[in-house]
Amino acid sequence: MAVPAQHGVPDRPGMPPMPPELAELLRAQLAAVADQVEEEVRRQVPEYARPADGAYGRNLRAGVVQALTLFVDHIAEPRDDGGALAATYYELGRGEALEGRSLDALQSALRVGGLHAWRLMGQTAEELGLDSTVVAALGELAFRTVHEVAQAAAAGYAEAQLRSSDELERRRRRLLDLLLEDGPVALEAVQDLAHSARWPVPRTVAVVALAAAPDRREEDRPLAAAGALVDIQSRPPRMLVPDPDGSGRFGRAFTLALRGRPAAIGPTVAVTDAAQSLRIATRALGLMGRGVLPRQGVVRCADHLSTLLLYGDEPLLERLQERVLAPLDTVSAGQRDRLAETLLAWLLSGSNVPDVAVRLHIHPQTVRYRLRQLEKLFGDALHDPETRLDLILALRAESLSTPQN
């Protein structure tokens, strides 16, 4: 533990001498004063109004007693001995951070306790008829002590919060790696690691794959605040979104963080199937880069499942296209494009010529003319159900290969 250096409460030049009997009198009252200070803190600071027999109560009692003891010791023999006191309150500050509590409660307790202790001890000093300069010096000593222990507590809190934040980030990164690794993922392992990472395990998740961009770490802050597990350093950058179908809070944070950056949102899956969502989102992001899917904005994989299925095995898709579209290779390139477009529209419209004409913005007679050419090229295969399905798949993939804006 690295406790920051403290100034302590050393004797100051010109400080009036303290009556020897004052320290002994205050020391005799120390336990009673500690009781009253502790009671006052519990009364005024709600966070400390809890049973005194727990760890929290023991820490409070120890801190009060040690602060009062060292204060009295300084009266008896002024010296710079604030190190032990600083260490105690440094640990109290660390404890608040590690328990996930605000530092405000501890700082309030220090102010309340210090003021009440001074009132009680100041009464004793006045009862002894001490000179006003001595009483003033005691008051300064008391409040300097409170100020320095508050500084020590704040330093301990800040150090623990930093370490806690770094450790929490590491645990969440390990959790994300576990969820996205290939192979089966045990729910029990996820729950254990999620508990240590302070991440509530959702019922469903979706994984988002992001387009490569300059490292902008601030992007992940609103997303992490919305409960997402984020790894901007991976390639591609990715994030896991809890309960994506019902998370309006995430949607707002997501829009804010992306600022127009292209992204693909994988399908919603069970939390132990997150790797599947990642694979599909990554595939979609690759297709966005090639123009098969829209290049800009956010692509939701759930809206493009047929396209993702088509491009799930591209070598196999190419074999299918080579086989079923071979008759079109016998005509010129310009004619081939027109015939392929007409054939796909005809197959998708249920062989309805007027619908094809409307879809392609051409005259019905033009459609009929092209269909006669297609009949010559494909023959009876145009009316075979299995061949028609193969043609739809092959032609649909071909139409998607033209980059979209």
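Student: Which residues does A211 touch, leaving out those up to four places away in sequence?
Tutor: A211 touches R261, P262 and L285. Contact here means heavy atoms within 4.5 Å. Keep in mind that this is a predicted model.

Student: Where is A211 found?
Tutor: A211 sits in the loop between β1 and α7 (220-225).

Student: Why is A211 called buried?
Tutor: Its relative accessible area is 18%. Buried means under 20%. A211 therefore counts as buried.

Student: How far apart are A211 and Q296 in sequence and in space?
Tutor: In sequence, 85 residues separate A211 and Q296. In space, the distance is 9.8 Å, C-alpha to C-alpha.

Student: Let's turn to strand β3. What makes β3 mostly covered?
Tutor: Strand β3 spans residues 238-242, and five of its five residues are buried. On one side are R238, L240 and P242; on the other are M239 and V241. Both faces are covered.

Student: Why is R238 called buried?
Tutor: R238 belongs to strand β3. Its relative accessible area is 18%. The cut-off is under 20%, so R238 is buried.

Student: What makes the pair R238 and D177 a polar contact?
Tutor: The two side chains come to 3.4 Å. A polar contact needs an N or O pair within 3.5 Å, one atom able to donate a hydrogen and the other to accept it. The R238 and D177 side chains therefore make a polar contact.

Student: Which other residues does R238 touch, not counting those up to four places away in sequence?
Tutor: Besides D177, R238 touches L180, V208, L229, V230, D231 and L278.

Student: How do you know that β1 and β3 pair?
Tutor: Five bridges join strand β1 (residues 204-210) to β3. Pairing takes at least two bridges, so β1 and β3 pair. They run antiparallel. A206 stands opposite V241 in β3.

Student: What makes β2 a partner of β3 as well?
Tutor: Three bridges join strand β2 (residues 229-231) to β3. At least two are needed, so these strands pair too. They also run antiparallel. V230 stands opposite M239. A hairpin of six residues joins β2 to β3.

Student: Now S277. Why is S277 called buried?
Tutor: S277 is found in helix α9 (residues 274-290). Its relative accessible area is 0%. That is under 20%, so S277 is buried.

Student: What does the side chain of S277 reach?
Tutor: It reaches the backbone oxygen of P267 at 2.8 Å. Leaving aside neighbours within four places in sequence, S277 is in contact with A206, V207, G266, P267 and V269. A206 also stands opposite V241 in β3.

Student: What makes R388 a charge over the ring of W346?
Tutor: R388 lies over the face of W346, at 5.1 Å from the ring centre. The distance limit is within 6 Å, and the charge must also be within 35 degrees of the ring normal. R388 therefore counts as over the ring.

Student: How many helices and strands does the protein have?
Tutor: The protein has 15 helices and six strands. Of its 405 residues, 45% are buried. The protein exposes about 21100 Å², and carbon and sulfur atoms supply 53% of that.

Notes. Residues are numbered from 1 along each chain as its sequence is written. This is a predicted model: local features need pLDDT of at least 70, side-chain atom pairs count only at pLDDT 80 or more; totals for chains, interfaces and linings use all residues. Side-chain values use heavy atoms; hydrogens and water are left out. Helices (H or I, at least four residues) and strands (E, at least two) are DSSP runs, numbered from the N terminus. Buried means under 20% relative accessible area, exposed over 50%, partly exposed in between (1.4 Å probe, protein chains only). Accessible areas come from the Shrake-Rupley method with a 1.4 Å probe; for residues, only the protein chains shown count as cover.
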